[in-house]
Amino acid sequence: MQGGGGVEQPMQMVLRVKHPSSLGSSAGDEDEGEGSSRSALSVFKAKEEQIERRKMEVREKVFAHLGRVEEESKRLAFIRQELEGMADPTRKEVESIRKRIDTVNRQLKPLSKSCVKKEKEYKEVLEAYNEKSKEKALLVNRLIELVSESERMRMKKLEELNKTVDSLY
């Protein structure tokens with residue numbers, strides 16, 4: 001790993017600077033303190049730079065993954081759309097026909113009610129018509145009886161008159 005090697009290198013620099021065998025005098029102790037703070041600062045900066053580089057690497061990886069995820073998402077959406085189209089190629093036509101059936105069904109309901117109502121009215125009128133027809137038939141029969149009886153009686157009268165006229169001569 002590259003990151004691991006980078007951490008060891010600044011640590012080695014700090015150890016070299018702090019190691020007392022590299023500086024032999026007591027005046028070197030003051031220089032050593034200043035040098036050690038410089039080396040500590042440089043180690044800190046190196047670590048910060050390493051952290052920043054690492055952060056950038058992670059960010060780049062995340063964005064790369066996000067890009068791939070977006071592409072895969074688009075591909076999956078396209079595949080889903082294709083599957084839906086393959087599942088029922090006549091879906092739009094079926095939906096259109098179903099809507100038309102619903103529309104016709106809504107139109108049929110009031111027509112059906114009207115038809116039932118008119119059939120009921122028709123039955124009532126037909127019943128009244130049949131009753132009046134029966135009544136008429138009875139009246140016509142009664143009329144025929146009366147006319148027949150009247151004719152018989154008139155014929156009888158005429159015969160009697162004819163006999164009376166014949167007896168006069």
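A search of the whole structure turns up 4 salt bridges, a salt bridge being a side-chain nitrogen of Lys or Arg within 4 Å of a carboxyl oxygen of Asp or Glu. Bear in mind that this is a predicted model, where local features need pLDDT of at least 70, side-chain atom pairs count only at pLDDT 80 or more, and totals for chains, interfaces and linings use all residues. Residues are numbered from 1 along each chain as its sequence is written, and side-chain values use heavy atoms, with hydrogens and water left out.

**Overall build**

- The protein chain has 3 helices and 0 strands, with helices (H or I, at least four residues) and strands (E, at least two) taken as DSSP runs numbered from the N terminus.
- Read from the N terminus, the order is α-α-α.
- Of the 169 residues in the protein chain, 5% are buried; buried means under 20% relative accessible area, exposed over 50%, and partly exposed in between (1.4 Å probe, protein chains only).
- The accessible surface of the protein chain is about 15,900 Å², and carbon and sulfur atoms account for 58% of that (Shrake-Rupley method, 1.4 Å probe; for residues, only the protein chains shown count as cover).

- Lys-55 and Glu-52 pair up through their side chains at 3.8 Å, N to O.
- Both Lys-55 and Glu-52 sit in helix H2 (residues 27-87), 3 residues apart, or about one turn of the helix.
- Lys-55 is partly exposed at 43% relative accessible area, and Glu-52 is partly exposed too, at 38%.
- Arg-75 bridges to Glu-72, with the closest N and O atoms 2.8 Å apart.
- Arg-75 and Glu-72 are 3 residues apart in helix H2, so about one helical turn separates them.
- Arg-75 counts as exposed at 52% relative accessibility, while Glu-72 is partly exposed at 38%.

- Glu-135 and Lys-132 form a salt bridge, their closest N and O atoms lying 3.7 Å apart.
- This pair, Glu-135 and Lys-132, is again split by about one helical turn, being 3 residues apart in helix H3.
- Lys-132 is exposed at 57% relative accessible area, whereas Glu-135 is partly exposed at 41%.
- Glu-121, Glu-124, Glu-127 and Glu-131 gather in a negative surface patch (residues with over 30% relative accessible area and no salt bridge, like charges joined within 9 Å).
- Glu-131 lies in helix H3 (residues 91-168) and is partly exposed at 48% relative accessibility.

Terms used: Patches are made of residues with over 30% relative accessible area and no salt bridge: like charges are joined within 9 Å, nonpolar side chains (Val, Leu, Ile, Met, Phe, Trp, Tyr) within 5 Å. Lys and Arg count as positive and Asp and Glu as negative; His and the chain ends are not counted. The place of a charge is taken as NZ of Lys, CZ of Arg, CG of Asp or CD of Glu.
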